[in-house]
Amino acid sequence: MRSAYSVETVRTAERELMARLPEGALMQRAAAGLAAACADLLGRVYGSRVVLLVGSGDNGGDALYAGARLARRGAGVTALLLAPERAHTGGLAALRRAGGRAVSAGMAEGAGGAAQGVEELVERADLVVDGIVGIGGKGGLRPDAVPLAAAAERSRGAVVAVDLPSGVDADTGEVRGVAVRADLTVTFGTHKPGLLIDPAREYAGSVRLVGIGLELPTEPELEALQHADVARLLPVPRAESDKYRRGVVGIAAGSARYPGAAVLAVAGALRGGAGAVRYVGPAGDAVLTRFPETLVSDQGPKHAGRVQAWVVGPGAGDDAATVGEVLAADVPVLVDADGLRLAEAGVVRARRAPTLMTPHAGEAAALLGVDRAEVEGGRLAAARELAGRYGATVLLKGSTTLVTDSGGGAVRVNPTGTSWLATAGSGDVLSGLAGSLLAAGLSAVDAGSVGAYVHGLAGRLAADGAPVGAHDVAEAVPEAWRNVLG
């Protein structure tokens with residue numbers, strides 16, 4: 001499991017550790033890891049040109065000490081100080097002793113030629129180290145740092161961020177203004193939520209975690225499942241299992257206008273681990289033509305037969321009666337697509353059995369009464385707000401898929417997927433897959449996060465760098481499942 005902790009938690013752990021260590025030891029640990037990562041990226045350190053963008057805090061100190069280590073190995077290191085009078089004293093002295101130099105980035109003010117010279121220094125570097133703002137930064141870069149961030153983006157060399165890219169919010173992943181775009185982020189002690197959540201994740205590039213000895217709480221703010229975690233959760237039938245012990249999932253989906261949504265939801269469900277799939281709706285003929293093993297009924301959810309979980313909503317149009325009937329069932333329910341619009345918040349909150357809602361950003365925005373851009377810019381806050389309003393588990397789909405429960409606890413962030421999954425019907429496959437996992441006995445949080453993980457992996461395998469259709473994703477689920485189980 002990959003874990004991420006809030007700034008407050010990290011700060012507390014750092015203070016506790018520093019109280020037990022000699023002064024400056026913790027910063028030296030961070031600087032050593034940062035320098036090693038920079039050296040790996042450079043390949044050849046001797047003779048390389050390294051530019052440090054140095055702010056006033058400990059983040060700048062990490063960059064200066066790492067720069068000193070690179071200078072001792074023969075790199076030409078220049079530190080651009082955004083606040084020379086507040087630069088880390090020890091780090092600055094170490095850099096100069098090692099043969100590096102430091103100049104004021106403020107020399108650019110009021111002097112066009114000087115400004116161009118500073119930016120050219122950044123652009124011509126083999127490596128740019130972003131040590132402008134640490135994990136406590138909020139609200140984007142200050143105006144004096146913006147030209148340096150722009151020059152770093154134009155640079156021919158790699159950009160390495162210290163702990164996280166300057167200008168992004170460490171706790172939320174929000175980017176409210178200009179921020180540094182890194183090729184590599186070297187983060188210390190633990191991942192920060194902003195490194196795992198878009199839009200900030202996009203600015204971080206690859207992320208390398210450097211251990212510095214922090215003692216952190218058992219429960220993180222965010223967690224990302226890995227193969228081993230998913231393998232432990234995937235339902236595997238035993239010798240005595242039959243289709244009912246494995247779970248039966250009901251699919252109430254599709255309409256005369258959107259029969260394909262039913263077919264795709266059933267496709268995901270059949271590959272999701274449940275023992276049988278019951279379909280209810282107007283697309284029974286289309287479903288049976290493609291999947292004759294499906295148990296089809298036209299008598300409505302109440303008369304469909306025994307199920308351990310329901311999926312309702314994909315392609316349902318305005319069929320509010322079916323959505324209400326499913327929500328009245330005393331089994332776990334996954335609500336997606338049109339079902340999200342038709343499900344009343346009070347009815348969902350009153351349910352005793354678990355509810356898993358699976359909106360994309362546009363659907364979440366409509367439910368919250370905000371613009372889509374607000375959801376996409378603050379995904380973590382939106383997912384938590386939606387879960388709280390409905391008293392449900394929410395799987396917020398998108399470039400970063402999040403799974404959060406109304407009862408609190410760590411938010412799950414999905415590490416798999418591909419941009420090729422942004423295709424019609426992909427979400428219907430995910431609904432069926434996650435609904436099948438609910439029927440197999442997984443909790444709503446586990447069914448959502450495991451479903452998203454396998455679905456994202458199936459998307460990668462199916463696409464393999466090329467356009468892919470939702471039916472291709474469904475067909476790749478068994479391969480993804482085998483990949484996880486090894």
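The answer below concerns the sheet and one of its strands.

Analyst: This is a predicted model, in which local features need pLDDT of at least 70 and side-chain atom pairs count only at pLDDT 80 or more, while totals for chains, interfaces and linings use all residues. Residues are numbered from 1 along each chain as its sequence is written, and side-chain values use heavy atoms, with hydrogens and water left out.

The sheet is open and has eleven strands in the order 1-9-18-17-16-15-14-13-10-11-12, with mixed pairing. Strands here are DSSP runs of E with at least two residues, and helices are runs of H or I with at least four, both numbered from the N terminus; two strands pair if DSSP finds at least two bridges between them. Strand 1 (2–4) and strand 12 (295–297) each have a single partner strand and stand at the edges, so one side of each lacks a neighbour in the sheet. From one strand to the next, the twist averages 20°.

In general, strands of a sheet pair through backbone hydrogen bonds, either parallel or antiparallel.

In a regular strand the side chains alternate between the two faces of the sheet. In strand 11, Ala 276, Arg 278 and Val 280 point one way, whereas Val 277 and Tyr 279 point the other way. Five of the five residues of strand 11 are buried, that is, under 20% relative accessible area, with over 50% counted as exposed and values in between as partly exposed (1.4 Å probe, protein chains only).

Elsewhere on the sheet, helix 17 (residues 379–390) packs against strand 9 (222–224), strand 15 (355–357), strand 16 (393–396), strand 17 (402–404) and strand 18 (411–413). Contact means heavy atoms within 4.5 Å. The direction of helix 17 makes about 150° with that of strand 16; axes are lines fitted to C-alpha atoms, for helices over the stretch in contact, and angles run from 0 to 180 degrees between N-to-C directions.
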